[in-house]
Amino acid sequence: TINRARQYGKTTLLNLMVQHLSSKYLVFSVSFEGLGDSAFEKEASFCGMICKLLYDAIRYDEVPSIEDSVKNIIYEAVRDDRIEDLFALSAMISEICSEAGHPVVLMIDEVDQASGHKVFLDFLGMLRSKYLKRTTRPVFQSVIFAGVYDIKNLRQRIRKDEEHQYNSPWNIAADFNVDMSFSAEEIAKMLNEYSIDTGCFIDTQAVSEKIRFYTNGYPFLVSWICKWIDEYGGRVWTIQNVENAEKALLNND
């Protein structure tokens, strides 16, 4: 699982992973972004949505080196609308992994969209069950979820009285230790490029170090401060501009 705040580069990381893995693996990279609650309300609608996401990935040639037999499995499932429960979805996953010719990796971005829906908890349970039987039944080589929140903290509505249960069907957790923050040197490089493009004067070293000091390199905060200076700071960027932007950020609701 990959969980970091918004604007931290999760989707960019997934795209780079697709490029890196595609020579050895069959990679399906999909996203729950933009899906309405109706996709998660019933088991049939959820399973159909998973099939359609896989179909969209192959329709737009986003799955390099995919076998025609795998395409046909997914196409027929969508055409006939026959995957109506998790048992059928599990069988289709095994069929895909059996025909793929390469180990199969599933990536799902914006997984937070599934928060609050029991069917997603059931989906995780199905994947875990398949993982435990991986020596006898074809299954994904890996499943990667990306979102703002740690998957074990996604709460699921189980009962009608809206009691909640932690979503924790997995018994393994690993820290994600890649440092995705900007260094002062990386900020300075962006400022230099901006200065060349706009003709603004920037005390690059001082400004980049001050931005790094206030933001610890967090991409969203770096961008916010630079945007504020661009809009309100004038054509000369100074440490005072950064301090004013920092105050505006702290006062921003």
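Colleague: What relative accessible area does Asp80 have?
Modeller: In this predicted model, Asp80 has a relative accessible area of 40% and is partly exposed. Buried stands for under 20% and exposed for over 50%, with partly exposed in between, using a 1.4 Å probe and protein chains only.

Colleague: What should I keep in mind about the numbering and the confidence limits?
Modeller: Residues are numbered from 1 along each chain as its sequence is written, and side-chain values use heavy atoms, leaving out hydrogens and water. The model is predicted, so local features need pLDDT of at least 70 and side-chain atom pairs count only at pLDDT 80 or more, while totals for chains, interfaces and linings use all residues.

Colleague: Which residue forms a salt bridge with Asp80?
Modeller: Arg79 does, and the closest N and O atoms of the pair are 3.0 Å apart. A salt bridge here requires a side-chain nitrogen of Lys or Arg within 4 Å of a carboxyl oxygen of Asp or Glu.

Colleague: How many salt bridges are there in the whole structure?
Modeller: The search finds 4. One of them joins Asp56 to Arg59, with the closest N and O atoms 3.0 Å apart. Both residues belong to helix α3 (residues 43-59), 3 residues apart, which is about one turn of the helix. Helices (H or I, at least four residues) and strands (E, at least two) are DSSP runs, numbered from the N terminus.

Colleague: What about Asp122: which residue does it pair with?
Modeller: Asp122 forms a salt bridge with Lys118, the closest N and O atoms being 2.9 Å apart. The two are 4 residues apart in helix α6 (residues 118-132), so about one helical turn separates them. Asp122 is partly exposed at 28% relative accessibility, as is Lys118 at 38%.

Colleague: Turning to the packing, at what angle do α4 and α5 cross?
Modeller: The axes of α4 (residues 68-80) and α5 (residues 86-99) cross at roughly 160° and come within 8 Å. That makes α4 roughly antiparallel to α5. Axes are lines fitted to C-alpha atoms, for helices over the stretch in contact, and angles run from 0 to 180 degrees between N-to-C directions. Under 35 degrees counts as roughly parallel, over 145 as roughly antiparallel, 65 to 115 as roughly perpendicular, and the rest as oblique.

Colleague: Which residues make that contact?
Modeller: Ser69, Val70, Ile73, Ile74 and Ala77 of α4 make it with Met92, Glu95, Ile96 and Glu99 of α5. Contact means heavy atoms within 4.5 Å.

Colleague: And how do α9 and α10 pack?
Modeller: Helix α9 (residues 219-232) packs on helix α10 (residues 239-251) at about 115°, the axes being 9 Å apart. That makes α9 roughly perpendicular to α10. Among the residues that meet there are Trp224 and Trp228 in α9 and Ala245 and Leu249 in α10.

Colleague: Where does Gly101 sit?
Modeller: Gly101 lies in the loop between α5 and β3 (104-109) and is exposed at 62% relative accessibility. From Gly101 to Leu26 the C-alpha distance is 8.3 Å, across 75 residues of sequence.

Colleague: Lastly, how many helices and strands does the chain have?
Modeller: The chain has 10 helices and 8 strands. Of its 253 residues, 40% count as buried. Among contacts with a separation of 6 or more, 70% come from residues 24 or more positions apart.
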